[in-house]
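Student: Before we look at the model, could you show me how to read its features one at a time, giving the general idea before the particular case?
Tutor: Gladly; here are the sequence and the structure.

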Amino acid sequence: MNESPHLRFEYSVYKSGEEVGVDVCSFIAELILRLFSCSSHETGLYYALDLGGTNFRVLRVHLGGQNGGLVNQEFAEVPIPPELMTGAADALFDYIAAELAKFVAQEGQEHELPPGRKRELGFTFSFPVNQTSIASGTLVRWTKGFSIDELVGQDVVTELTRAMKRQNLEMHVSALVNDTVGTLAGGRYTNKDVAAAVILGTGTNAAYVERAQAIPKWHGALPKSGEMVINMEWGNFKSSHLPLTEFDNALDMDSLNPGEQIFEKVISGMYLGEIVRRVLLKMAEEASLFGETVPSKLQVPFILRTPDMSAMHHDTSSDLKVVASKLKDILEIPSTSLKTRKVIVEVCNIIATRGARLAAAGVIAILRKMGKDVAKEGELLQKTVIAMDGGLYEHYNEYSKCMENTLTELLGEEVSKAVEVVHANDGSGIGAALLAASHSQYL
Ligand SMILES: Nc1ncnc2c1ncn2[C@@H]1O[C@H](COP(=O)(O)OP(=O)(O)O)[C@@H](O)[C@H]1O
Ligand SMILES: O=P(O)(O)OC[C@H]1O[C@@H](O)[C@H](O)[C@@H](O)[C@@H]1O
């Protein structure tokens with residue numbers, strides 16, 4: 001296990017300006033310093049709760065200390081009922097706390113803690129937060145499919161703590177972290193070359209390790225390590241250079257957060273399938289793609305999910321039978337010609353390729369900001385690892401392959417050899433548990 005460096009975490013939530021690369025962002029939230037010493041000395045049982053855009057995961061991590069590292073981890077994943085994403089605040093947090101209580105109630109003797117000691121939790125909250133301390137932060141705004149107005153501006157740790165009390169669950173939230181920062185922390189724990197993390201899941205985001213003196217707007221004390229983590233919230237990137245179409249603009253207007261998260265809406269899992277649906281609908285209306293009548297199901301927003309899109313895109317059968325079954329089962333289109341099915345696969349390919357190439361452009365922007373996108377004369381290129389996670393990256397192989405090929409194309413053969421993309425599976429959960437351990441109230 002590499003001795004992990006001490007990282008001083010600076011949290012910032014960026015709101016994109018018109019022309020946004022990291023270096024032209026304007027900070028909208030107070031920056032807060034967080035000392036994160038992910039040394040490998042942590043021992044004991046720690047928990048993580050990861051609230052994402054589609055699922056939430058409860059994780060128990062057993063850390064073995066100096067040489068033991070990560071002894072084992074067990075987790076449960078539950079889908080978030082859609083109605084809780086736009087319902088009452090207490091309903092969402094009561095559901096989460098109840099699932100947490102269920103997970104703990106199933107534990108055996110081996111998970112008993114010393115008397116008087118509470119279970120400790122790292123809370124991964126995959127939404128923009130104005131971080132106010134290691135274990136507190138207020139929700140800046142909702143993204144993806146969530147929209148619970150009464151929670152905006154509220155401290156999400158306070159909400160979770162109250163819900164746990166209502167469930168009589170004795171657990172202490174030791175750390176609050178964004179999933180991208182958790183993935184970076186988890187990745188860095190095992191590999192010191194990890195310099196950035198990218199999530200491509202229901203939503204998207206990136207975080208990277210920045211040189212402290214390269215943050216002009218930072219006015220706090222400089223960390224001893226000289227490094228800080230920037231949570232970019234890059235999903236909110238917006239630029240006149242983004243290749244937006246009428247389909248993107250209509251999707252944005254119909255969304256829960258019009259005008260926001262534009263980059264996320266063209267590259268992430270919640271939206272790719274919906275863009276394909278909108279394109280097919282127009283082709284049905286204006287070019288009779290499915291014959292004289294427009295299939296009624298094709299008019300239903302989000303009926304075509306990105307997993308369905310990737311299944312059609314990955315269809316290798318000569319008669320595209322997977323495409324045929326998706327059209328039948330989801331859109332109630334009983335039969336189509338092979339020619340029509342090939343058009344549908346091409347539409348999936350175009351939308352996925354655009355998303356993947358834009359995601360790669362985002363990664364290049366980070367490498368450029370870190371000065372790692374070009375080989376300097378006479379200098380040996382230091383290895384840079386990008387920790388990737390998220391269901392879209394993990395399951396949409398055509399997308400992730402296109403993204404990685406684009407990185408090579410944009411970096412060139414020589415530099416791309418020094419840049420490695422690794423799948424940090426559930427890095428955010430492990431990262432959150434590590435943060436909980438490193439900020440334990442029992443230290
Ligand atoms: N087979 C698949 N093909 C393409 N995309 C997928 C597939 N499975 C899941 N996804 C995408 O991944 C997202 C879930 O990402 P994940 O990281 O697991 O959860 P969360 O976004 O809740 O953190 C889904 O919303 C979907 O867009
Ligand atoms: O893991 P998920 O749900 O796909 O979330 C990824 C990103 O989704 C964005 O919408 C959030 O603003 C980010 O904070 C988050 O990191």
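Tutor: We begin with residue classes: Ala, Val, Leu, Ile, Met, Phe, Trp, Tyr, Cys and Pro count as nonpolar, Asp, Glu, Lys and Arg as charged, and the others, Gly among them, as polar. By that scheme the shell around ligand 2 divides into three nonpolar, twelve polar and four charged residues. This is a predicted model, in which local features need pLDDT of at least 70 and side-chain atom pairs count only at pLDDT 80 or more, while totals for chains, interfaces and linings use all residues. Residues are numbered from 1 along each chain as its sequence is written, chains are lettered from A and ligands numbered from 1 in the order in which they are written, and side-chain values use heavy atoms, with hydrogens and water left out.

Student: Which residues come nearest to ligand 2?
Tutor: A residue is near a molecule if one of its heavy atoms lies within 4 Å of it; of the 19 residues around ligand 2, those that come nearest are G53, T143, D179, E233 and E264.

Student: Which side chain places a polar atom 2.6 Å from an oxygen atom of ligand 2?
Tutor: A polar contact with a ligand is a pair of N or O atoms within 3.5 Å, and the side chain at 2.6 Å from a ligand 2 oxygen is that of E264. The side chain of K144 has an N or O atom 2.8 Å from an oxygen of ligand 2, and T180 brings a polar side-chain atom to 3.1 Å from a ligand oxygen. With accessible areas from the Shrake-Rupley method and a 1.4 Å probe, ligand 2 taken alone exposes 400 Å², of which the protein buries 96%.

Student: What is the corresponding picture for ligand 1?
Tutor: Its shell holds 17 residues, of which T54, N55, T202, S310 and G391 come nearest.

Student: How should I read an aromatic pair?
Tutor: A pair of aromatic rings is described by the distance of the centres and the angle of the planes. Rings of Phe, Tyr and Trp (its six-membered ring) pair if their centres lie within 6.5 Å, and planes under 30 degrees apart count as stacked, over 60 as edge-to-face and the rest as tilted. The whole structure contains eleven such pairs, including the edge-to-face pair of W234 and F263, with 5.5 Å between centres and 90 degrees between planes. F123, F125, F127, W142 and F146 form one aromatic cluster.

Student: Is N168 buried or exposed?
Tutor: Buried means under 20% relative accessible area, exposed over 50%, and partly exposed in between (1.4 Å probe, protein chains only); N168 is exposed because its relative accessible area is 72%. By the same cut-offs, I366 counts as buried because its relative accessibility is 2%.

Student: What can be said about phi?
Tutor: Most residues other than glycine have a negative phi. Here N168 has a positive phi, near 55 degrees, and S288, also not a glycine, has a positive phi of about 45 degrees. S288 counts as partly exposed, because its relative accessibility is 31%.

Methods: A polar contact is a pair of N or O atoms within 3.5 Å; within protein, one must be able to donate a hydrogen and the other to accept it, and residues adjacent in sequence count only if both atoms are side-chain atoms.
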